[in-house]
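Open the model in your viewer and keep the selection tool at hand.

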Amino acid sequence: MNTTLPTSIAGSLPKPAWLAEPETLWSPWKLSGDELIEGKQDALRLSLQAQQQAGIDIISDGEQTRQHFVTTFIEHLNGVDFTQRKTVKIRNRYDASVPVVVDAVTRPKSVFVDDAKYLRQLTKQPIKWALPGPMTMIDTLYDDHYKSREKLAWEFAKILNQEAKELEAAGVDIIQFDEPAFNVFFDEVNDWGIAALEKAAEGLKCETAVHICYGYGIKANTDWKKTLGEEWRQYEDVFPKLQRSVIDIVSLECHNSKVPMDLIELIRGKKVMVGAIDVASHTIETAEEIADTLRKVLKFVDADKLYPSTNCGMAPLPRQVADAKLRALSAGAAILRNELANQ
Ligand SMILES: [Zn+2]
């Protein structure tokens, strides 16, 4: 385990082909009942092994136990009707058929805690567990009950906080909230988005992270990126308030991106999970390319707060590509670690 520049992944890894259709988002399970429970645990063990063999320091669940990073969590809540579907535009970008909030939302029982306990007993390495953030959750639903994005986000924040506290008690070291919606709804982020995120993290003693990215490497996202111009300054709108928030770690997209790296100065003091792997390309980064991205970010993040990572989840990639990218991440981080040690 490296204590300098510890590596991790932002979120998902590909699932084995016997568990779910590969290279597909929202891929349906191929197993059911007890076989599915066992299959998910086997996949969790394989994803742990893939990370360990590649030398990753902070272990993630790789989202092996969920179909989708937002929907699976919502499926476990009361108040959301999955038989009713409405089409909404997710993150102002692509249409999706989503379930409807029909009543007060509650969490009748924990969602990922058993999975986290299972992963916990398999490794002594630090583990990170991702949950969807409140704003990203409301953006993946049609609300026919609260009729207020802010109110619904607040209810989800309370539910996320219950889940987060149980994950912490299960031994999770870092709880990450995925908030790609922070890159789209800047006014709402500043009005109530960060407050809702802090509510979700309230009272936690483990470390907390927020992941803000430009999305998976799917067509809707790569098309959207083409409209963003030469400089992607989205982070600029939300960083000042995020810098003053209680969240410990900010996970960002940096590699092959048009985000001006000096924006990271705006969150000085936070730990930064630096995306040094492009998840929208099958090309494997060289170790030197990764080191180069990390070196650029090092101007704006203190070395002891720099955490090499991936831009986003790797669920839609072929497994051998994801594995090779994990190894590249380790190799790239090692180059920079050596440079820092010899300074
Ligand atoms: Zn992401």
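Where is the place of glycine 39? Select glycine 39: its place is in helix 1. Helices (H or I, at least four residues) and strands (E, at least two) are DSSP runs, numbered from the N terminus. Before going on, note that this is a predicted model, in which local features need pLDDT of at least 70, side-chain atom pairs count only at pLDDT 80 or more, and totals for chains, interfaces and linings use all residues. Residues are numbered from 1 along each chain as its sequence is written.

**Around glycine 39**

Is glycine 39 buried or exposed? Glycine 39 is buried, because 21 other C-beta atoms lie within 10 Å. A residue is buried if 20 or more other C-beta atoms lie within 10 Å of its own, exposed if 12 or fewer, and partly exposed in between, with C-beta atoms placed from the backbone. Contact means that the C-beta atoms of two residues, placed from the backbone, lie within 7 Å. Then pick tryptophan 29, which is 10 residues from glycine 39 in sequence and 9.7 Å away in space, C-alpha to C-alpha.

**Helix 1 and helix 3**

Select residues 33–53 for helix 1 and residues 113–120 for helix 3; their axes come within 10 Å and cross at roughly 45°. Helix 1 is therefore oblique to helix 3. Axes are lines fitted to C-alpha atoms, for helices over the stretch in contact, and angles run from 0 to 180 degrees between N-to-C directions. Angles under 35 degrees count as roughly parallel, over 145 as roughly antiparallel, 65 to 115 as roughly perpendicular and the rest as oblique. To see where the two helices meet, show Gln41, Leu44 and Leu48 in helix 1 with Asp115, Tyr118 and Leu119 in helix 3.

Now select the open sheet of seven strands, which has the order 1-4-6-7-8-9-10 and parallel pairing. Its edge strands, strand 1 (59–60) and strand 10 (306–309), each pair on one side only. Two strands pair if DSSP finds at least two bridges between them. Strand 7 (residues 207–212) and strand 8 (residues 249–253) pair in the parallel sense over four bridges. There, valine 210 stands opposite valine 250 in strand 8.

**The whole chain**

Finally, zoom out to the protein, with its 10 helices and 10 strands. Of its 343 residues, 45% count as buried. The C-alpha atoms fill a box of roughly 60 × 45 × 40 Å, taken along the principal axes.
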